[in-house]
Amino acid sequence: MLISFQAASRHVSRRMAVPLVSQAVKFSVSTGAYSSVNADEVAKFAAASHEWWDPKGQFGMLHMMNPVRMKYIRDVFLKFSPAAGADLNVGGLARPLEGKKVLDVGCGGGLLSESLRRLGATVTGIDASSENVAMATHHASLDPMLQENLAYRSITVENLLQEVGASHFDMVCSLEVIEHVNNQDVFIQNCMDLVKPEGLAVFSTINRTPTSYLLTILMAEHVLRWVPPGTHNHSTYVTPSELESFVRAAERSPHHPANCSLDVVDTRGIAYLPLENKWQVLDSSTVASKFPFGGDLDMNYVMTVVKRPFKESDATPVETDAGAATEGLQRESLSGL
């Protein structure tokens with residue numbers, strides 16, 4: 001494996017010497033903006049839509065990852081949302097997102113959307129694939145608890161922005177999606193435009209490193225066959241610095257409020273631990289002992305952004321003490337998501 005890793009490292013290092021550029025631009029007449037839709041990627045996931053809720057199918061790793069990423073979403077909401085304390089009085093620890101409007105961009109079969117709804121959120125899940133939306137809608141219809149405040153639509157994020165307008169959602173999530181879209185910078189801008197002031201956006205994707213090439217393509221696709229070959233394209237992976245630069249650029253959007261900044265408040269690695277057969281959010285204290293393949297951000301990672309209003313008096317961001325008020329809640333675990 002070491003020889004394979006070294007060979008992959010040399011191969012990927014040569015590719016990484018060239019800065020990542022956007023894929024071929026596709027102009028969307030309906031939105032007047034660059035389209036995020038990669039037709040090949042949409043078709044690929046549409047063809048596999050029947051497997052979304054099969055924990056032993058090609059989306060099995062997402063099933064295993066979902067409780068971990070849901071705990072992360074709940075934790076960052078409690079820490080960084082100014083309204084977190086008040087929301088706990090409404091929904092309690094079990095439903096901290098009670099009454100919040102949350103958008104799941106690239107919802108697929110609804111794994112994340114259903115979990116967000118169970119935390120109390122009013123959820124809109126969108127996907128460019130009508131087949132994915134049909135599967136998500138069908139699965140939600142099987143649970144009486146999901147009959148209200150959960151809606152799916154086959155629509156792009158840019159078309160939704162045009163329809164509902166900016167600053168519409170308390171939280172926007174797009175997990176394991178960015179690497180599958182065109183015009184990634186514009187995609188992030190559209191997601192951020194939909195976030196209300198004081199709202200959050202949570203993104204997760206795969207870092208473009210030799211480690212990710214080795215594990216997500218050589219091993220996961222060609223050796224272990226966890227997912228079909230061609231599921232991933234290493235050149236479309238996004239580094240944390242690139243993703244943060246997309247967020248910074250979104251401040252120049254015509255829809256961005258002049259009195260707000262976009263602050264990256266948290267970036268963590270997420271890794272699959274084969275010896276323990278589970279996913280875990282990594283930090284500097286756990287990466288060396290549990291993920292010996294590289295640094296904590298060398299593979300999957302998750303990033304949280306806050307759209308933070310300035311104080312009128314000095315035009316500096318308003319700080320929130322919601323994190324201090326809920327510090328003890330960060331270690332709570334999720335179940336049933």
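**A short tour in questions**

Q: Helix H9 (residues 210-223) has 14 residues, so what does it span between its end C-alpha atoms?
A: This is a predicted model, so we're reading its computed geometry. At 1.5 Å a residue, a straight helix of 14 residues would span 20 Å. Between its end C-alpha atoms, H9 spans only 17 Å.

Q: How many of the 14 residues of H9 are buried?
A: Buried here means under 20% relative accessible area. Among the buried residues of H9 are Pro210, Tyr213, Leu214 and Glu221. H9 is largely enclosed by the rest of the structure, because the number of buried residues is 11 of the 14.

Q: Are helices H7 and H8 roughly parallel or roughly antiparallel to each other?
A: The axes of H7 (residues 157-164) and H8 (residues 184-193) come within 9 Å and cross at roughly 30 degrees. Angles under 35 degrees count as roughly parallel. H7 and H8 are therefore roughly parallel.

Q: Which residues of H8 make the contact with H7?
A: On the H7 side, the contact uses Val157, Glu158 and Leu161. By class, the contact has 4 nonpolar, 1 polar and 2 charged residues. From H8 come Phe187, Asn190, Cys191 and Asp193.

Q: Is Asn149 buried, exposed or partly exposed?
A: Asn149 sits in the loop between helix H6 (130-141) and strand E5 (150-153). Though not a glycine, Asn149 has a positive phi of about 65 degrees. Its relative accessibility is 39%, so Asn149 counts as partly exposed.

Terms used
Residues are numbered from 1 along each chain as its sequence is written. This is a predicted model: local features need pLDDT of at least 70, side-chain atom pairs count only at pLDDT 80 or more; totals for chains, interfaces and linings use all residues. Side-chain values use heavy atoms; hydrogens and water are left out. Axes are lines fitted to C-alpha atoms, for helices over the stretch in contact, and angles run from 0 to 180 degrees between N-to-C directions. Helices (H or I, at least four residues) and strands (E, at least two) are DSSP runs, numbered from the N terminus. Angles under 35 degrees count as roughly parallel, over 145 as roughly antiparallel, 65 to 115 as roughly perpendicular and the rest as oblique. Contact means heavy atoms within 4.5 Å. Ala, Val, Leu, Ile, Met, Phe, Trp, Tyr, Cys and Pro count as nonpolar, Asp, Glu, Lys and Arg as charged, and the others, Gly among them, as polar. The expected span of a helix is 1.5 Å times one less than its number of residues. Buried means under 20% relative accessible area, exposed over 50%, partly exposed in between (1.4 Å probe, protein chains only).
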